Number of protein chains: 2
Amino acid sequence: MISVEEASRRVLATVRPLPSETIRLTAATGRVLQTPLYADRDFPPFHRVAMDGIALSFAAVTSGRTDFVIEATQLAGAPPRPLQNPRAAIEIMTGAALPPGTDTVVRYEDIVFHEEAGRRIAGVQVPPAAAGHNVHHQAADRQQGDLLLPAGVRLGPAEIAVAATVGAVTVQVARALRVAVVSTGDELVELDQLPLPHQIRRSNAYMVRASLLEAGAEAEIFHFNDDQQVLRRGLPPLLAGFDALVLSGGVSKGQADFLPGMLRELGVEQIFHEVQQRPGKPFWFGQQAGGAVVFALPGNPVSTFVNFYQYVRPWLRQCQQPAAGPSQPMAILAAPVVFKPSLTHFLPVRLEASPYGHLLAHPQRAGGSGDLASLLHCDGFLRLPAERETFGAGDAFPLVRFRE
Amino acid sequence: MISVEEASRRVLATVRPLPSETIRLTAATGRVLQTPLYADRDFPPFHRVAMDGIALSFAAVTSGRTDFVIEATQLAGAPPRPLQNPRAAIEIMTGAALPPGTDTVVRYEDIVFHEEAGRRIAGVQVPPAAAGHNVHHQAADRQQGDLLLPAGVRLGPAEIAVAATVGAVTVQVARALRVAVVSTGDELVELDQLPLPHQIRRSNAYMVRASLLEAGAEAEIFHFNDDQQVLRRGLPPLLAGFDALVLSGGVSKGQADFLPGMLRELGVEQIFHEVQQRPGKPFWFGQQAGGAVVFALPGNPVSTFVNFYQYVRPWLRQCQQPAAGPSQPMAILAAPVVFKPSLTHFLPVRLEASPYGHLLAHPQRAGGSGDLASLLHCDGFLRLPAERETFGAGDAFPLVRFRE
């Protein structure tokens, strides 16, 4: 039996980069970029007018001039028209390219207009303090050729917008992870069946599938009876066709728990079996040589849940985004807890964001590892280390979060 | 001009519940339940065996007996077989229904088996301390008829599993919000076009669309030129067909900024225009009587971003999940900041989860409201109140987060 820390290390040691695929930018939200994107032009690509008002030459202002004849009006999107008379001005809109012959913009708020002999005149009330006012200069943010998005970044809204700016109609991204969710257990019936008194409906597979979808993976559910022949035929195609298998049930000491042996027989090397933790101890983990990894989680619903968020999700994240450094959120225990067994304890907690920027974890009644409904009022598990028995309020511990 | 707080209040005052639709549970991850789900049976539905081992009558243990003849073996999923001889036992697996005549389970770890005259005998090494050991009793967690999932909960993995348990093949959920993303601005060209020197590619619409998808809404992009005739024809079908319109650009003081007037002309009542904030001041918000709301965001990319996460996303969340109380995450300013204008300042920050359970916000260089690339290294904005000029390190402020 190994520690939770060692189990996590061994799980993450099997992380491999995913092959890439090219998809449309409009389908790429949340995906991970595989080839870097560079600035195809300067940012901004021209001296960009930053306020609605008039463009003029600052030299004319320093010469003491306050009235400027409007030579022309230039909207955003129009080719810039040079200023003919250096003592005149061009009325101009945000987003336009600064006209040649001008270097400064005075905003509407600082101007009063009047008409004189059929000409429109801008009277500057508040002269600009320096040349270049209200102009966002070409290349001020980025230069042509600059790296904008390195490989390995997740394409959130800001990244999507930057990719659009450089004309990335398609992007190369890591393909989605493909995970087979396998449920076993002869006591389980399908959702649409009425269970006999000694049966229950299948739920773990749906939970795991929903967690996988939330993590950005593709997930397909398979169910097998607790029959060695059925599994011996059913598992090899899944091992060949998916990046990972997540099984629930069939890994403890019972007579129907022949999965570890069967998996070894099918060429899946055991990496560990059983972890010093509660709940979720009988977790089995293995890998086919150079192939799919197998997370065989204990079948009790809360155990399945704990192990998914402690082991499977970090593995998925690292496969999708190997460049992302490890991050371990912490939360502050809000009430003292005693847990005597020398096992890492996954304590169900409800989270509270305090007005002081602290994340508080309130311990919740745990109804045993079968009581899934007890998790409805929880947001995650606080991971209390095995080597201690008492845990004081106010101390911070690693947080395994399943609800944002 | 109104305050950020007043603007948020007026935006949220337009929240209306969404109509519901019935969808398959497998398509419901992340959706909001509209009709409550009750326990169709007790949880657990039978006295459920919680460990692999033997089931026996505790009375036989108290009588001093330690050796138990195994009458039968019962796997999970098999109908329970009554114990014939009250001084014998049934070998039994986790998940099975406790056989009539037994009340206690002794786990394998506490038994040594031997054979005697062709019969299998379990020798109990560690007698159970009380009746009911290792049995998860019928109705211990929930009783038939108990409310499990109230209307208004978001269906995450735990909720999906509970819904599966009660056989909810389909669920009634709030239908997805339908949002039209409208970009205007004659300086903008499509992604696949090569911009002329004074043009730039469209990016705000893609950013807003990605943000909407991440928030669980349906989003469709429309582009119109800055032409009153085009907009007068183009906007009414969108007002009729969508729950909300998000426009970017065309709402400041420029000559091409005729959107507020045009929207009023089309029956969209102005609720406010301009908010005491930087960036993002020229935000216009309105609603068609009993119909679509219109978020007309300023066109500078960072302004669009700030206003989306400050106003549009909370509105979406409240429409999807009106029962969810308001929650305002806070973060701790990690370095002092001075901001003199009497405007609410949205300070770009990078977040750090400290080892002590604190959320720290590191101010980032803001490249002006046009510099989208400056947001690539940020996770959100700290909302610094208008009435102060200096903000000390260590103080907590409301956080508008755009990256998890």
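How many salt bridges are counted between chain A and chain B? The count is 6, where a salt bridge is a side-chain nitrogen of Lys or Arg within 4 Å of a carboxyl oxygen of Asp or Glu. This is a predicted model, in which local features need pLDDT of at least 70 and side-chain atom pairs count only at pLDDT 80 or more, while totals for chains, interfaces and linings use all residues. Residues are numbered from 1 along each chain as its sequence is written, chains are lettered from A in the order in which they are written, and side-chain values use heavy atoms, without hydrogens and water.

**Interface of chain A and chain B**

- In chain A, 90 residues are in contact with 90 residues of chain B, contact meaning heavy atoms within 4.5 Å.
- The two chains bury about 6,900 Å² between them, 59% of it on carbon and sulfur atoms; buried area is the accessible area (1.4 Å probe) lost on being put together, summed over both parts.
- Arg403(A) and Glu159(B) form a salt bridge through their side chains, at 2.8 Å from N to O.

**Sheet in chain B**

- Chain B has an open sheet of 6 strands in the order 7-4-6-5-9-8, with mixed pairing; strands are DSSP runs (E, at least two residues) numbered from the N terminus, and two strands pair if DSSP finds at least two bridges between them.
- Its edge strands are strand 7 (104-107) and strand 8 (111-116), each pairing on one side only.
- Strand 5 (residues 67-74) and strand 9 (residues 119-124) of chain B run antiparallel and are joined by 3 bridges.
- Ala122(B) in strand 9 is the bridge partner of Phe68(B).

Key. Helix = DSSP H or I, 4+ residues; strand = E, 2+ residues; numbered from the N terminus.
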